[in-house]
Structure formats: C-alpha cells, structure tokens
Amino acid sequence: MDRIKNLSRNTIQALTALAYNFHIPNFFKGKIYSGSTKKLCLPGLNCYSCPGAAGSCPIGSMQAVMGSKKYKFSYYVFGMMAFFGVMVGRLICGFFCPMGWFQDLLHKIPSKKLSTKKLKPLRYIKYIILFSLIIALSFVMRGRYEVIPPYFCKYICPQGIIEGAIPLAIKSPSLRLALGNLFNLKLGILVATIILSILFYRPFCKWICPLGAFYSFFNKYSFYQMDVNKNKCIDCGKCEKVCKMDVDIRKNNAHLECIRCHECTKACPTKAISSSFIQRSENEKSK
C-alpha cells in the first residue's frame, strides 16, 4: 500500500479508468466489447455498455441476475463485491472508481465550493437505493424475467450516459435517431451531477451510489484499516478540516463515509494517522 500512497491519487484513478476500459479501438468502432472478461465484475462503478469496458459493473450485474428465473441470488457477484469490501472497504471509492475520479476532476474546476456538512441526512439515500431499488425489488420481482431490468442503471446512474450512450451514439446514426425520453432523463441527471460535482465534493458518492453504500459496511471489518495514534495526536483538527467526506477520523477511524483518500494523513503535523493491512496502531500495541 505504500507504493499506492506514494503515487498521486489522481494518477491512480486515471490508470484505473484506463485499465477498466482498455479496449480503446471499440470507441472508434462504436461496438461494445463482449469477450470472456465481461463475466468478471470490476471493483468500481464502470458501465457495462462502455465500448472499451473489459468487465462488468457490480451493481448492474447484481441487478441483472438477482431474482431472475435462472438465478435465485447472485452469489458470484455478491462474492466478488464482498471480497473487494473485505480487503479494502471504501478504499475502492477513493482510488479505484472511474465515477469517483470523474467527480474529482469536476470539483477541480474553479468555482465557489459549498460544504455538505449540513446535508448529512442525504447520505441515507444511497442506502435506501441499495436496499429497496436493488435488493428488495429484485426479490419482489423474482422469477418474472429471464434477466431483471437493471432499474438503477437504466433510470438513475449517469455513468451509463458518459461511458455508454454518448460514445455509442456518436458512432451510430441509427442509435441517435432512436434516442428518446429515457435518454433525455438520464442526460438531465448527468447535467445535474456535473453541476453539483463542481459545487460540492462527490455528491453522487455521498448521496446516491449504492456501491459506495455496500462497501461502507466493510470499513470497520476490512483487512485494510486507517489508524490514529492517540499518543501522537495533538487534536489540532487539521484532519477534520481537510476531509471532504465530512469525517472526523479522530472520533471514528472506520467511518462509513471514509473513502480512505489519505488527505488526513497528509495534513497531520505529527504523523499520527497511518494505514495498514491488519496491523494494530502503536498505542493499541502498548495496551
């Protein structure tokens, strides 16, 4: 993990987005890659319909097979997601999610920046989406379809427009003619996401993304953990001030909203904040 921390987070996110979508020629062909690796779930939110996508979106995959006639439950998809969660928790959101990187880039655009601290109740929307629109609805509709319609991907997620609909429509005149109200709805959501991402830090991650909601449950139990050495901490509050996810790591080093971006680690003047795989902090060892 030290190698990751020595690299720019922006660089890692860029390389991740490229690795997720390395079938670059497909963008020029206007075709979706459909090879054998599409059976694998990628850790972050990346649209299956992206021409260059090498794998599947975990949320889209879970919706597609959970409760369908062929599968009673998406054990394989859930297992893949749980593996990523158990290993690193929401570090996936901070370093390995193209949608997160997209919002980070938008937030760099010079403009007035607004705080989300007073909007914390909106965090629960993503959990409502995860448990109702994805999990509960899949069980309610069990057996009605060969493949259950991916409602979140179809009606809410703006990633499909960025990576799928727009690149494919550019290369296909017939597809452009077929675009209708659904495309306009999703385009409106994308525009709103772009505007909000410029003003607020990662609004989609904080309020909407069910994948982030899923990974958040593993933050406390994942092998990769953040540590705050209470012996070194001087309670200067700099870690809390730099955290754009509105987390005070001094109070909770495994907060559900922590994406483990390490901005707090950089800001700490006494180097009290660290991270590791299954390693107790020095103050815990001394107990």
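Select S276 to begin: at 11% relative accessibility it counts as buried, where buried means under 20% relative accessible area, exposed over 50% and partly exposed in between, with a 1.4 Å probe and protein chains only. Residues are numbered from 1 along each chain as its sequence is written. The model is predicted, so local features need pLDDT of at least 70 and side-chain atom pairs count only at pLDDT 80 or more, while totals for chains, interfaces and linings use all residues.

Next, select residues 273-277, which form strand β2 and include S276; strands (E, at least two residues) and helices (H or I, at least four) are DSSP runs, numbered from the N terminus.

Now show the whole protein, which holds 17 helices and two strands. Its radius of gyration is 20 Å, close to the 19 Å that the globule rule gives for 287 residues, so the protein is as compact as a globular protein of that length; the radius is taken over C-alpha atoms, and the rule is 2.2 Å times the number of residues to the power 0.38. Turning the C-alpha trace along its principal axes, you will find that it spans about 65 × 45 × 35 Å.

Colour the chain by burial, and buried residues make up 48% of the 287. If you draw the contacts with a separation of 6 or more, 77% of them are accounted for by residues 24 or more positions apart.

Technical notes
Heavy atoms only, no water. Contact = heavy atoms within 4.5 Å.
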